2 protein chains.
Amino acid sequence: MSRYQNLPAGALPASDVPLRYGIVLFPGFQALDAFGPLDALNTLALNYPLDLCVLAESIEPVSTKPPSGVIDLPLGSNFAQSIQPTHTFSNAPPIDVLIVPGGFGVRSEENMKPVVGYIQDVYPSLKYLITVCTGSGLAARAGVLDGRKATTNKRAWEWATHLRPQVEWIARARWVEDGNIWTAAGVSAGLDLVIAFMEKVYGVGVGKMIADTLEYDAHTDAHWDPFAELNGLGAS
Amino acid sequence: MSRYQNLPAGALPASDVPLRYGIVLFPGFQALDAFGPLDALNTLALNYPLDLCVLAESIEPVSTKPPSGVIDLPLGSNFAQSIQPTHTFSNAPPIDVLIVPGGFGVRSEENMKPVVGYIQDVYPSLKYLITVCTGSGLAARAGVLDGRKATTNKRAWEWATHLRPQVEWIARARWVEDGNIWTAAGVSAGLDLVIAFMEKVYGVGVGKMIADTLEYDAHTDAHWDPFAELNGLGAS
């Protein structure tokens, strides 16, 4: 057995970085919204003593399948994955960083309520809040983005931004950092966000090390965003 | 309710494309190896009636945590996700396409055996076999890559390629297509592979449609691979 790789010279010690993560899941979450950041963190956990709790309303496995009533799937489509939570919102342990994915599930009021309630409860004790894709819609509904800059999925832009006009929504952004809240654009943008987050919060070279380990060609410019224009959105 | 988006003009009808997918999981699989391709396919399943079975040795949830004895995690590291299988290898339904992820788990002989046995059993009935990262090591061990061109994770190159010298291993490749077997380089390369696979197998414009939906800037050149050089590997 051996350690996988040594940290770069710019890496901060474990005493100076957030170690306790949580992710919220709900029926119809987008798998890559969650597993982009999570797998980068799985890899970082080879070097830092990171802890993860997987949170949902109940302890039953949570499916990526869009809830019925949100979108029509082709007849016979049965393509989904189910993730096992470790805790419910009501018995969640203390955490430093919360990750909130998006997906078709955020369009279900029934799904939204418990997640939004948990975000409201836990936000004051967090060091960082990270959202991916329409996950920023859940954070917006919780009120924690009021007066902050944030972004979201570009194809779901109209729907997501109308959830909460008190947010300063930024259309052309791969991700937005405002205070202790980091919001990513659609789906795969969560990977770029988490690499930039590691580079800033864990030290220079750490994000690059993790991207190289994942053989991932990360976009490191938060303003890079061809998908805003592709979806007919302006510069701000 | 509505259909999410219309297929491009070049898309083939459902009668002409593979519809039944399986993915093998084992303890210590790499999450993004699996969820890159799966989430692209989750999105394709909004347009085609795709079916997925999640296969493992038993029906118990399968954790991404590296098996003990394979790699030292920092003291106190407890960062993993568990996925619920739908079938075991012994009751797997017929499938058209099998996806094989990699990860530290492939370094455990105990893990390898049932997965390699399933690949050997099912390969003759498959339309396509897709591997990601060191998942090609499992396919190699099954003998189905003998005499074929294939690639794998570039940091694990020495270990993976020595599993089976009968394979024509290609060092500088984001992915390799040889007959009905597609093998990807490390971790995030699975996303580029699956986009190229869709473009070829489901029709012109389909891969691009899915990449745009995931706001993903796909590498569309199979020869693009800075990670070969980064890991000291030559051109072939």
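What follows is a short chat about a predicted model.

Me: Before we start, what should I know about the model and the numbering?
Reply: It is a predicted model, where local features need pLDDT of at least 70, side-chain atom pairs count only at pLDDT 80 or more, and totals for chains, interfaces and linings use all residues. Residues are numbered from 1 along each chain as its sequence is written, while chains are lettered from A and ligands numbered from 1 in the order in which they are written.

Me: Thanks! How many helices and strands are in chain A?
Reply: Chain A has seven helices and 13 strands. These are DSSP runs numbered from the N terminus, with helices being H or I of at least four residues and strands E of at least two.

Me: Which strand does β7 of chain A join?
Reply: Strand β7(A) (residues 97–100) is joined to β8(A) (residues 128–131) by four bridges, and the two run parallel. Pairing needs at least two DSSP bridges between the strands. Within this pair, A:Ile99 has A:Ile130 as its bridge partner.

Me: What about the other partner, β12(A)?
Reply: β8(A) pairs with β12(A) (residues 181–184) in the parallel sense, over three bridges. Here A:Thr131 is partnered by A:Thr183.

Me: Switching topic: where does A:Gly28 lie?
Reply: A:Gly28 is in the loop between β2 (20–24) and α1 (31–44) of chain A.

Me: Is that glycine buried or exposed?
Reply: A:Gly28 is buried, because 23 other C-beta atoms lie within 10 Å. The cut-offs are 20 or more such atoms within 10 Å for buried, 12 or fewer for exposed, and partly exposed in between, with C-beta atoms placed from the backbone.

Me: Which residues is A:Gly28 in contact with, leaving aside neighbours within four places?
Reply: Among them are A:Thr64, A:Pro66, A:Phe104 and A:Ser108. Contact means C-beta atoms, placed from the backbone, within 7 Å. A:Gly28 and A:Ser108 are 80 residues apart in sequence, with 9.1 Å from C-alpha to C-alpha.

Me: Over to chain B, then. Why is α6(B) largely enclosed?
Reply: Six of the eight residues of α6(B) (residues 206–213) are buried, so the rest of the structure largely encloses this helix. The buried residues include B:Val206, B:Met209 and B:Ile210.

Key: Two residues are in contact if their C-beta atoms, placed from the backbone, lie within 7 Å.
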